[in-house]
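Subject: Model for you to look at

Dear colleague,

I am passing on the structure we spoke about, with its sequence. Please open it before reading on, as the notes below follow it chain by chain.

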Amino acid sequence: MTRIKSKFAETAVIVALTALTAITTILVRVPIPATNGYFNIGDVFIILAGLWLGPRAGFIVGAFGSAIADAVGFPVYIPATFIVKGFEGWITGIIAGNSRSGSLVRPIIAALAGGLSMVAGYYLFEAFIYPMLGSKIPMFNITDPGAAFIALLPNAIQGMSGIVGGLALWKAMTASSQDLEISDDQFLSGKHG
Amino acid sequence: MRAFEFPAFLKLQNLRPWWLKMAVLVLIGYPLFSNRPAAFIASAMGQCLPETLGALLVWPLITFFIWACCLPSLGTAKLLDYLAAAYAMAVTTTLSGAALRGLLPAIFLSDPVADNLRLMRVYFNILAVFPYSLTFVNSFSVSDLMARLTKTRGKFRGAGLHLALALRICQHVGEVIPKLLLVWREENPELLLPRCRDDWQGISPLARWPMWVVLSISQWIFACIILTFEPIPVMVNEIEQIDESGDSDDPDKV
Amino acid sequence: MNYAEKKINVFAFDTYEGLVDHFVQSTGIFFPKMAAGRSEFFRAFSQWLNRSTQSRSRAVITPDPAQGLALPNALQILTSALNQSRKNAGTAEASELLEKYGLTPKILTQPVNTLSGGELLLLNFAKAEAQCSHVKGLAACNPVFWLSPARHKFWLNLCDSYEAADKNVEALVLRGDHLDSSSRSDKFSSVDALSVNLLIDSPLVNFLEIQFPVFHAASKLLYSWVSETDEVFSPFLITGDNGVGKSIFARLLAGILPISSGRAAIMNPDDKRTVRLLFQEAITQLFAMSPFEYLGKAFSASIALFNEATGLFRELMQSIYSDKLSGDTRNWNSLLAGKACLIAARLAEKPALILLDEPGWGLSRHDAGMLVFHTCRLAHQRETGVGIISHQPEWHDFARSNLKLKKIAPEQVEISHARL
């Protein structure tokens, strides 16, 4: 996990990842008509945020980035997405912890847990919670257990692509930044790249 | 064909102040938030129509009402676009629900009439919820709301600076992605196929296309991240400068 | 004007990378290099994240004028800058500053990202003036590149303000820029003209309203061709004032913006030949890859074209460097190499026309001239026309035709053609 010393830099990076999650989710949408939902690649950034910046950032990026995307076209899913995707980023960050040993085992387990929690979370909402809510609030009456069952496959593919993409991105971003503690003199002497 | 333009006063996005707009939108969407309007209409219709027919007609009526309210704000073309997507989703959701009912009878209700009515309700709900939710979202400007919150002076100056920086980064991301889309279109006019594919003869596209797609997705993700992160250091420097000037009484510190 | 008389230090660089290096060392502000590829970028960015502070003794104008503006609109930018020196500034003071730098107060609350390049640079000037009393000096990159000559006076106004406050001004420019008194008076070599027939039949482009994440109102732009002949001569220049719609016209010709009615294309007996475009922000077209990584990806499904493009890239670079008078070492991961690589990739496909949008941005005048000259030479060998989109006057002598864009109504642009 990278520790960012400047609070504004942390805000900027988290917001950038949140905005990227929202916009890529909006633009790269493959609808799953069965559940009135859609497949997207936003999970890559959620897993990345959890692995790279920890559970807090993972939660913010997952919950807000994806919920903002749902606001454009699928607002009914905002509550489910906020909880499921927020949890995905959080659990990834929690399990990944401060793994600086160079071993990939913990990050892989963390990403797998994040992806699986997303698939399980959406199934729970689509198969049980929304149909239950729908009996009281008609707006939520848009899915049923059969449709949720069908959505398991695309959700699993989405989770898998998020795991693979997030891990690859995290590896690329951290591979060349070992021993990051450098002085300002070193930084200004042209070793900044 | 020239689209019919509705008068401005009928468009919900022009309603001011914001709380009145919110109240009107909630009122329009009330049949989607509560079962009471549907129950009331069904019982009223039940007095002159057979019970099942009344229950069947209530949801189309509500759906038409929602469409009528959304039409002036969205315009004919946009409403039809949204409805095209909504119809596709509604048909496939109900069909998959019906098919799965046959395959996995255990997870469905035992009463076939109630089950059919429920599927009909799901169908019309999707047709109503889709345009309504988009009208709701389109009626408020995210930028305006954020701009109101991002005051860089006063009691909550620190939080305001964080919010202002957040809005600026969102603006930047909002520029990066459309720019990348244009660049991508210039490079790959067919979007999902490479522009130059001389070596893709015979059966090879089947094997090579998925690889090209996976490579392209990774390329997109990296480009999005790098172009988004590029201005962050300069912007953060600027905000820290403003923040420190507020923290200190010594102007030379800046 | 003589900059030596004023307290302005002009530093001229042969390369964009040299300019950025100096900017980083001089201001302490990290500025990532884009053409070096993704791993280099991530390494540098991670290092920056782990640093605690940055130096903040100067006002800065960054190479891309949008990047130094960290607040969402001009009002916030200017009042924050003014309030750093304990002035209780508000809308009136901010408006006054904008007007001093030739901008209308109407833009005060407009999102920064809806302003043009020239407006962004002038807003940077206004911000730098607001910071003048509490900073040690000003470091400005390419301070007049985006401005038409009539607007250069605003840069001089800013310099006067810093001079009056006895503050130091550093102008970092690329060699040959208007501020660079040491520049060689390079005359671009000319190439033989190539006839190109354009088909411009009142193309209309409609921009849809975008509400998320940033609002853009719906608008439209209609182009009308007022020349008697469709024949233009390559290399031709597409010119006009800031914001007239030059880049949009280029995108219409390249077929990447949909046309609602009418037509904008090149008359082309072989329909397979296309129009290709090098964007103003050409670095974006590398898609976060180094030049060789880009060629590998662009031609992953065509080995013959990959070899052709690689050969053209090498030839272009060798031609530029063999003509180069200064002793620069060849850098394959520079902005110049990035542009050469993108041009080579496009030429390899033998398009009917290649359009270069502000090809001189980020290059010294010499490098820009060489790049465009050799591009035209190689393009004409392949019967490919070249169009240059620019408001810089130096291309006028080089081009063989001039397409001048002029706004005749808020949503209507007239294109006139003149043989040069």
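What follows is a short account of the chains and of where they touch. Please keep in mind throughout that this is a predicted model.

I begin with chain A, which contains seven helices and two strands. Followed along the sequence, these elements come in the order α-β-β-α-α-α-α-α-α. Of the 193 residues in chain A, 61% are buried. If one takes the contacts in chain A between residues at least 6 apart in sequence, 69% of them join residues that are at least 24 apart.

Chain A meets chain B through 41 residues of its own, and chain B brings 43 residues to that contact. On the chain A side, the elements that supply two or more residues are helix 1 (7-27) and helix 6 (145-175), and helix 1 of chain A gives the most, with 12 residues. Sorted by class, this side of chain A has 29 nonpolar residues, 10 polar ones and two charged ones.

Chain C has 11 helices and 14 strands, and 53% of its 420 residues count as buried. Among the contacts in chain C with a separation of 6 or more, 76% are between residues 24 or more positions apart.

The domain assignment divides chain C into domain 1 (8-174) and domain 2 (194-419). Taken over C-alpha atoms, the centres of domain 1 and domain 2 of chain C are 28 Å apart. The two domains do touch, with 17 residues of domain 1 of chain C in contact with 25 residues of domain 2 of chain C. The residues on the domain 1 side of that contact divide into seven nonpolar, seven polar and three charged.

Chain C also touches chain B, in a contact that takes 53 residues from chain C and 54 residues from chain B. Four elements of chain C give two or more residues each to its side of this contact, namely helix 2 (38-49), helix 3 (74-83), helix 8 (291-298) and helix 9 (303-323). Helix 2 of chain C gives the most, with four residues. By class, the side of chain C that touches chain B holds 30 nonpolar, 18 polar and five charged residues.

In going through the model yourself, you might start with helix 1 of chain A, which gives 12 residues to the side that touches chain B, and then turn to helix 2 of chain C, which gives four residues to the side of chain C that touches chain B.

With best wishes

Note on methods: Residues numbered from 1 in each chain as written. Chains lettered and ligands numbered in written order. Predicted model: local features only at pLDDT ≥ 70, side-chain atom pairs only at ≥ 80, totals over all residues. Buried ≥ 20, exposed ≤ 12 C-beta atoms within 10 Å, placed from the backbone. Contact = placed C-beta atoms within 7 Å. Nonpolar A, V, L, I, M, F, W, Y, C, P; charged D, E, K, R; others polar. Domains from an automatic or database assignment.
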